[in-house]
Amino acid sequence: MKTSLIILVLFCALSRGFAQDAAKPNDQANIQGAWLAQSESQNGIKKDVDYLYVFKGGKLTFRDETGKEMKYSFKLDTTGKPRLIIIQPEDATANSAPVSVAYELDGDSLKIVVAPPGLRPTDISDKNNQELIICKRNGS
């Protein structure tokens, strides 16, 4: 199973389009803060992980298990199903396309879904080679 970091980087290279829709104020406010990824699964195969996602304003910092950090800008697209987090690496080149990952936010629980390279997530699940990452608000 590939790590989320590798998949996100591949998506940046292969994704197309950038949603211009504004997020609902509740999601934008509620996603703010630190989220600790506790598990990821793909096609029913689950493993424990220790990633940290920090949402602050329109910025997202991702720290993997080795401590390496990557910084992104992000926007939420709450107009469709599933809802999307659209991310762009801060050090992106002009040709770099944003990446869309699905999310489900419920109180102190955040689910993130990353689809295979070149595809968008279709639902909040680990089916069809999608990677499902289960996060809890750090400190909850």
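Where in the chain is the place of Asn-129? Select Asn-129 and you'll land in the loop between strand 7 and strand 8. Keep in mind as you look around that this is a predicted model.

**Stop 1**

With a relative accessible area of 43%, Asn-129 is partly exposed.

Phi of Asn-128 is near 55°, a positive value in a residue other than glycine. Is Asn-128 buried or exposed? Asn-128 counts as exposed, at 61% relative accessibility.

**Stop 2: zoom out**

Switch to a cartoon view of the chain. There are two helices and eight strands here. Starting at the N terminus, the elements run α-α-β-β-β-β-β-β-β-β.

What do the eight strands close into? They make a barrel, in the order 1-2-3-4-5-6-7-8, with antiparallel pairing. From one strand to the next, the twist averages 35°.

While you have the whole chain in view, here are some overall numbers. Of its 140 residues, 44% count as buried. The accessible surface of the chain comes to about 7300 Å², and 51% of that belongs to carbon and sulfur atoms. Take the contacts with a separation of 6 or more: residues 24 or more positions apart account for 49% of them.

**Stop 3: colour by confidence**

The chain averages 84, and 79% of the residues score at least 70. Next, select residues 1–24, where the pLDDT is below 50. In the model this stretch has 70 contacts beyond near neighbours in sequence. Where pLDDT is low, the predicted coordinates should not be read in detail.

**Stop 4: a cluster of rings**

Show the side chains of Tyr-51, Tyr-53 and Phe-62. Ring pairs link these residues into a cluster. How many aromatic pairs does the chain have, counting rings whose centres lie within 6.5 Å? The count comes to three.

Look at Tyr-51 with Phe-62 to begin with. This aromatic pair is tilted, with 5.4 Å from centre to centre and 55° between the planes. Tyr-51 lies in strand 2 (residues 45–56) and Phe-62 in strand 3 (residues 59–63), so the pair ties together parts that are eleven residues apart in sequence. Tyr-51 is buried, and so is Phe-62.

Then turn to Tyr-53 with Phe-62. The ring centres are 5.1 Å apart and the planes stand at 45°, so this pair is tilted. Tyr-53 is buried, as is Phe-62.

**Stop 5: a cis peptide bond**

Which kind of peptide bond joins Lys-81 and Pro-82? Select the two residues and you'll find a cis bond, with omega about 0°. Pro-82 lies in the loop between strand 4 (69–77) and strand 5 (83–89).

Move on to strand 5 and its pairing with strand 6 (residues 99–106). Five bridges join these strands, which run antiparallel. To see a facing pair, pick Ile-86, which stands opposite Ser-100 in strand 6.

**Stop 6: the end of helix 2**

Now select Asn-30, in helix 2 (residues 25–30). Asn-30 counts as partly exposed, at 40% relative accessibility. What does Asn-30 touch, not counting residues up to four places away in sequence? Trp-35, Leu-105 and Arg-137.

**Last stop: Leu-132**

Finish at Leu-132, in strand 8. Leu-132 is buried, with a relative accessible area of 14%.

Who else is around? Leaving aside neighbours within four places in sequence, Leu-132 is in contact with residues including Ser-39, Glu-40 and Ser-41. Also among its contacts are Lys-111, Ile-112 and Val-113, along with Ile-124, Ser-125 and Asp-126.

Conventions
Residues are numbered from 1 along each chain as its sequence is written. This is a predicted model: local features need pLDDT of at least 70, side-chain atom pairs count only at pLDDT 80 or more; totals for chains, interfaces and linings use all residues. Side-chain values use heavy atoms; hydrogens and water are left out. Rings of Phe, Tyr and Trp (its six-membered ring) pair if their centres lie within 6.5 Å; planes under 30 degrees apart count as stacked, over 60 as edge-to-face and the rest as tilted. Helices (H or I, at least four residues) and strands (E, at least two) are DSSP runs, numbered from the N terminus. Buried means under 20% relative accessible area, exposed over 50%, partly exposed in between (1.4 Å probe, protein chains only). Contact means heavy atoms within 4.5 Å. Accessible areas come from the Shrake-Rupley method with a 1.4 Å probe; for residues, only the protein chains shown count as cover. Two strands pair if DSSP finds at least two bridges between them. Axes are lines fitted to C-alpha atoms, for helices over the stretch in contact, and angles run from 0 to 180 degrees between N-to-C directions. pLDDT is the predictor's confidence in each residue, from 0 to 100.
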